[in-house]
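Subject: A structure for you to look through

Hi,

Here is the structure I promised to pass on. Please open it next to this email, and then read on for what turned up in it.

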Amino acid sequence: MEKSSVWDLLREGKTVGRNTPDHDVYDRALTECINKRLRYNTLPLTPEERRAALSDLLGHPVDELTKVVPPFHCDLGTNIKLGNNVLINYDCVLLDTGEIFIGDNTLIGPGVKIVTAKHSLEAKERRDWSVSCAPVKIEEDVWIGAGAVILPGVTVGARSVIGAGAVVTKDVPSDAIAVGNPARVVRSL
């Protein structure tokens with residue numbers, strides 16, 4: 001039986017660590033992303049050059065109305081799928097060990113963190129930095145307030161609002177306002 005690559009294991013929601021075959025491929029991808037982020041975040045670029053640098057970082061063309069304000073941080077970049085007319089404000093962190101999908105017309109406030117990576121609750125299992133992941137989906141027309149945290153496996157439904165500083169641990173339905181830690185739906189729109 002052929003062994004799965006580290007990418008297949010992560011897509012399947014399995015755990016990978018330093019002893020996983022092909023882990024060096026994963027480490028090289030992390031390093032490549034760091035280099036592309038440095039270019040995106042630190043060089044004085046024209047709007048066209050910045051969009052090209054972002055497209056290179058994410059591995060797909062970025063809509064001309066989409067704006068990601070530096071500094072911007074991610075693990076791999078290539079697991080982030082941005083819709084059209086998306087705004088990601090200053091100092092956001094998208095840990096894209098798993099896929100992060102952000103729908104059209106979504107606004108993401110400064111300092112937001114979207115996390116797909118998960119670690120074991122067992123200390124012994126964390127010693128080799130083992131990680132698994134669960135995808136995050138942000139549907140269209142969502143507004144995520146400043147400093148909110150979206151955790152692995154969460155879907156935020158279309159047209160919803162996530163309040164500033166909220167910690168979203170479970171799915172938020174469409175047309176809802178969710179606030180707090182942990183976030184809870186306080187009102188329908």
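Helices (H or I, at least four residues) and strands (E, at least two) are DSSP runs, numbered from the N terminus. That is how to read a label such as β18, the strand in which Ser 188 is placed. Please keep in mind that this is a predicted model.

Since we have started there, let us stay with Ser 188. Is Ser 188 buried or exposed? Ser 188 has a relative accessible area of 57%, and exposed means over 50%, so Ser 188 counts as exposed. Leaving aside neighbours within four places in sequence, Ser 188 is in contact with Asp 175 and Ala 176. Val 161 sits 27 residues away from Ser 188 along the chain, and their C-alpha atoms are separated by 9.7 Å.

Now for a pair of helices

Two packed helices are described by the angle between their axes and the distance between the axes. Here the pair is α2, which covers residues 23-42, and α3, which covers residues 47-58. The angle between them is about 165 degrees, and their axes are 10 Å apart. Angles over 145 degrees count as roughly antiparallel, and therefore α2 and α3 are roughly antiparallel to each other. The crossing of α2 past α3 is left-handed.

Which residues meet where these helices pack? From α2 come Cys 33, Lys 36, Arg 37, Arg 39 and Tyr 40. From α3 come Glu 49, Arg 50, Ala 53, Leu 54, Asp 56 and Leu 57. Sorted by kind, the residues of this contact are five nonpolar, six charged and no polar.

A closer look at α3

Helix α3 is twelve residues long, and the distance from its first C-alpha to its last is 16 Å, close to the 16 Å expected at 1.5 Å a residue. The buried residues of α3 are Arg 50, Ala 53, Leu 54, Ser 55, Leu 57 and Leu 58. What covers them includes helix α2 and the strands β1 (67-68), β2 (72-74) and β3 (80-82).

Follow the chain past the end of α3 and you come to Gly 59, which has a positive phi of about 80 degrees. His 60 is in the loop between α3 and β1. His 60 has a relative accessible area of 17%, and buried means under 20%, so His 60 counts as buried. Not counting residues up to four places away in sequence, His 60 touches Ser 55, Ile 80, Lys 81 and Leu 82.

Leu 94 is in strand β5, residues 92-95. How accessible is Leu 94? Its relative accessibility is 0%, so Leu 94 counts as buried. Setting aside neighbours within four places in sequence, the contacts of Leu 94 include Phe 72, His 73, Cys 74, Ile 80 and Ile 114.

Ile 108 belongs to strand β7, residues 107-108. Ile 108 is buried too, with a relative accessible area of 2%. Residues up to four places away in sequence aside, Ile 108 touches Leu 87, Ile 88, Asn 89, Cys 92, Ile 102, Ile 114 and Ile 144. Leu 94 and Ile 108 are 14 residues apart in sequence and 11 Å apart in space, C-alpha to C-alpha. For Ile 108 and Trp 7, the values are 101 residues in sequence and 28 Å in space, again C-alpha to C-alpha.

Some backbone details to look up

Most residues other than glycine have a negative phi, and most peptide bonds are trans.

- Pro 70 and Pro 71 are joined by a cis peptide bond, with omega about 0 degrees. Pro 71 is in the loop between β1 and β2.
- Asn 181 and Pro 182 are also linked by a cis peptide bond, with omega near -5 degrees. Pro 182 lies in the loop between β17 (176-179) and β18 (184-188).
- Trp 129 is not a glycine, yet its phi is positive, near 60 degrees. Trp 129 is in the loop between α4 (123-126) and β10 (132-133), and with a relative accessible area of 62% it is exposed.
- Asp 141, another residue that is not a glycine, has a positive phi of about 60 degrees. Asp 141 is in the loop between β11 (136-138) and β12 (143-144), and at 37% relative accessibility it counts as partly exposed.

Enjoy exploring, and write back with any questions.

Best wishes

Note on methods
Residues numbered from 1 in each chain as written. Predicted model: local features only at pLDDT ≥ 70, side-chain atom pairs only at ≥ 80, totals over all residues. Heavy atoms only, no water. Axes fitted to C-alpha atoms, helices over the stretch in contact; angles between N-to-C directions. Parallel < 35°, antiparallel > 145°, perpendicular 65-115°, else oblique. Left-handed = near helix turned anticlockwise from the far one by under 90°. Contact = heavy atoms within 4.5 Å. Nonpolar A, V, L, I, M, F, W, Y, C, P; charged D, E, K, R; others polar. Expected span 1.5 Å × (residues − 1). Buried < 20%, exposed > 50% of the residue type's maximum accessible area, 1.4 Å probe, protein only.
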